[in-house]
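User: Please take a close look at one strand and its surroundings. I would like a connected account, with the terms defined as you go.

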Amino acid sequence: MDKRRKKKFHKNKEEKDEKSMTRVLREESEINELEQKKLEMANVNPDEIDSFAKFPLSKYTLLGLKHNGFTVPTKVQRQTLVYSLRGMDVVGAAKTGSGKTLAFIIPLLENLYVKKWSSVDGLGALIITPTRELAYQIFEVLKNVGKSHDFSAGLIIGGKDLKYEWNLISGCNILICTPGRLLHHMLENPDFSCEYVQMLVLDEADQCLSMGFAETMNCILEELPEDRQTMLFSATQTRDVKDLIRAGCKNPVFCSVHEFSKTATPRGLVESYIVCKCEEKFTFLWSFIRHHRKNKILVFMSTCKQAKYMFDIYCKLNAGVPVLCLHGGMNQLRRLAVYDIFCQKENVVLFATDLASRGLDIPAVDWVVQIDCPEDVTTYIHRVGRTARYANSGEAVLVLTPHEEEPMLANLKAKNIEVDRIEVDTSKMSSIHTKMEIILSKNNELKEESVRAFKAYVKSVTLMKDKKVFNVDSIDIDAYARSLGLAVTPRLRFLQNQKKQRPKQTEDTHNWNCSADEKPWKSKFTTLDFGTEDIDEEDFLTSTKKEQAEIIQEEEESSESASFPEDLVVSSKKKPLTKQAVVKKLMKKNIVLNTKIVFNEEGVEVKNPEKQQTSEVAQQLEDQKSGINITQLQEIMKQEDVIDRKLEASKKREQKEIKKRKEMAKKAEEKIEVEDMVEEGDEESDVDERTQNIIDSLPDPDKIYGRKKRDSDSDSDDEVSNKSSDESDDGRGAAESSEDDSSSEESEPEKKVKIR
Ligand SMILES: Nc1ncnc2c1ncn2[C@@H]1O[C@H](COP(=O)(O)OP(=O)(O)OP(=O)(O)O)[C@@H](O)[C@H]1O
C-alpha cells in the first residue's frame, strides 16, 4: 500500500469511528431521555395522547412510523403502549382491524433499543403467531416500521430446509414464527438459543394457547427465560387465568379496549344473515357472486376439500370474476402468492378455510360470506373482521340453515352481536346444480373432488362441538349431494356407524322431518324458493354447454387416455367394465393402483413430484435468509407457470407420439396381413408347380398298375399332395423368419405386431 492510500485509509477509518462514536453518544443521551419520560408516563391519561410523537419513542421508530403514514395512535395502541413501553406485561384485547400489530411491534423495537441490543446479543424477542400468512404479514410491518433500527429479524414458518435455517437464524435479534416450526428449531438445532429472550409476543394469543397448540406451546414456554416481558394480543382474548399463568404473564395489565362497546365487531361493519337449506347454499352463493362481480369477496367454508372443490368447479363454471382459493392443503409458495394476489385485486372471490379467518389485513374486502356456519362466535368475529378494518366499512353475510338459525343467533346475541335477517330476492336466483352435474358427468377428477367435499362437510358437521347448532340429521344428505353436482349420494360409513351406535331416542328428537311444533323458528319465516332463473343466467347456460363440450373433449383426450391403457378406457359403446375386471386388467399391465403419499416435515402432503419442480428464482428464494419478497414471489409464480406449461406441452407431445406409434403399428399390421395374403397366393402357385414337378418326376402309374389300380389309390395321391403342402408351409415359415430378421432391423412396430 503506498503512502497516499495508507493515509486515505486511516482518514476514512477515523471518520467512521468518529461517526459511530457520535451515534453512540447521541443514542445514549436519547435513551437516558426516554427512560426519564417513561417514568413520567405513569401519570399520563392514554386517551389524551393524540400523536405517536407524544410517546417516549426513539427517533428511529418515529421515522419508521411516519414513513408508513402512522401518526395518530389507535385506541388499543394508546392504551397498551403506556404500559408496554415501561416493560410491563400486557394482555391486549381489541376489535379486529384496530391496529394491534403496531401495539406490540412498537414496544418490541423500543425496549430492545433501550437495552442497546445488538447482533452479538443474539435473540432478544420472539413473536409467535398461529399461521404462516400472519407471520409473514407481521414480518412485513416490522420490516417497514423498524427500517431505521439496526436489528436483524427472521421469519421461521416452515416450508424451507430446517438445517439451512440453523445458521441463518442464529444471528437474528427478532424472530417471527409459527409454533410448530419454532419448536422444531428448539429441539433439533443445537445452535438455537432462547436463553436471553427479553420479550415474548403471542399474537392471536387465545388460539396460540388453545388445545390445538397446547403441547407445542408448553414445550416452547418451558424453554424461555422466566425473566422476560410477555405481551398477549387478540380480538377474542383469553381471560382464563390458567392460560395467562401458562404464558408466563406476571401481574399483567389487562387492556380490553372495546369491553363496553355496544358490539364485539367493528363499527363500520354491516352484518346480516340469510336462512336457506343446506342444499340451497350453493345456488345462493352462485347468484350472490354473479350479482357482486365488481366486488372483492371472501367466502369461508368449513373444510379444505370444500374450498378446493368450489375453486375448481368455479373455474369451469366461469362466474365472470376471478376466483382463488386458500387452504391448508396448499404449499407455502402458492398460499403466499394467493394471499398477495387477493390483496392486490379489486374484484375477486377467494374461497378460504378458517386459515384466513384470523389476523389477515387484506385491503378493501367488500364482503365476507360465511357459506358454512362458523364453529363458534369467536370464529365468527375473526371471519367478519377481514372486512371493515381500521376506519373502513364492509359487509358480512352469514348463511344459516333453518336448524342452525335459532341457536346460532342466541350464541351471537350472548356476545353482543346483533345480525339482521335479510330476505333474498328469489327472482334473481338460479340453480347451478344442473350445470355442475354436466361438468361432473364428464370430469372424473372433479367428481371425486366433489365426493370428497361432500364427505368432508358432513363429517365436519358431525364433529362440531356445539350440538345445538350443528346436527347432521338436519341435513337432507341426498339433496345436499345433488347440490354439489353429484348424481348419486356417496356412502357415508362414519355416519352409518354412528347411527348404529346412537340410541334411537336422540335420533328422533333431531329428525329433520319432525312436526312443525318442534321447529318454532320455521313458522316465523318463509323458506326460499329458487325456482326462477334470470336472463343473464340463461345466456350463461347456453354458452357453457359449448365450453363444457370442449373441456370434456380436451380432458378425454389428454387426461383419461394418457393415464389409462386404451382397453381400460370404457367407451360409451362398449359394455362397461366391472371393478374387478378393471383391477385384473390393471394388475396384468403392472399398473400400481395405490400410490405412495409423501409428506414433508410440516406434515403437508407433497403432491405430484413434477409439481415440486421449482424455477431458478424459486430456488433462489429457498436460499434466502429470511422473509419473502412478494415481487419475487410473483416472478416465481410466472416462471412456475412457464414450467407447468412446458410440462403440459411435453405430456401432450408424448401422448401424440404414443398415438402415432400405435397408428403406425396398426398400419404395419394391416400391411403384413396383406403381404401374407399375397405370399400365400404366391405359395399356392409355387405348391402347384412343385406338386406338378413331383408328379412329373414319378413314373406313369398307368404303365405300372394299369388304369384301374391308379383310380383306387387316389388317396395316396392326396397324401403326396398334402405332404408337399406341409413342406411348403415349412418353407413359408422359414421365409417368414428370415423376413422377421430383416424387418426387425428396419422397423420396430412391425416386430411388435409380429410378436403379438
Ligand atoms: N395508527 C394507525 N394509523 C393508521 N392506520 C393504522 C394505525 N394502526 C394500524 N393501522 C392500520 O389498521 C389496519 C389493521 O391493523 P392490524 O392488522 O394491526 O389490526 P388487528 O387489530 O391486528 O386486527 P386483527 O384482530 O384482525 O388481527 C392495518 O391496515 C394497519 O395498517
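What follows is a request about strand 13 and an account of its setting.

Where does strand 13 sit in its sheet, and which elements pair with or pack on strand 13?

Analyst: This is a predicted model, in which local features need pLDDT of at least 70, side-chain atom pairs count only at pLDDT 80 or more, and totals for chains, interfaces and linings use all residues. Residues are numbered from 1 along each chain as its sequence is written, and side-chain values use heavy atoms, with hydrogens and water left out.

Strand 13 spans residues 394–400. Helices (H or I, at least four residues) and strands (E, at least two) are DSSP runs, numbered from the N terminus. Six of the seven residues in strand 13 are buried. Buried means under 20% relative accessible area, exposed over 50%, and partly exposed in between (1.4 Å probe, protein chains only).

The sheet is open and has seven strands, in the order 10-11-9-12-13-8-14, with parallel pairing. Two strands pair if DSSP finds at least two bridges between them. The edges are strand 10 (323–326) and strand 14 (420–421), each pairing on one side only.

Strand 8 (residues 269–275) runs parallel to strand 13, and seven bridges join them. V270 has E395 as its bridge partner, while V275 stands opposite L400. Strand 12 (residues 367–370) also pairs with strand 13 in the parallel sense, over four bridges. There, W367 has E395 as its bridge partner. From strand 12 the chain crosses through helix 14 (residues 377–384) to strand 13, in a right-handed β-α-β crossover. Right-handed means that, with the strands pointing away from the viewer, the path from the first strand over the helix to the second runs clockwise.

Helix 15 (residues 402–414) packs on the sheet. Helix 15 touches strand 8, strand 13 and strand 14. Contact means heavy atoms within 4.5 Å. The direction of helix 15 makes about 130° with that of strand 13. Axes are lines fitted to C-alpha atoms, for helices over the stretch in contact, and angles run from 0 to 180 degrees between N-to-C directions.

Elsewhere on the sheet, helix 12 (residues 304–317) lies across strand 10 and strand 11 (348–352). Helix 12 runs at about 165° to strand 10. F351 touches residues including M310, F311 and Y314, as well as V323 and L324, not counting residues up to four places away in sequence.
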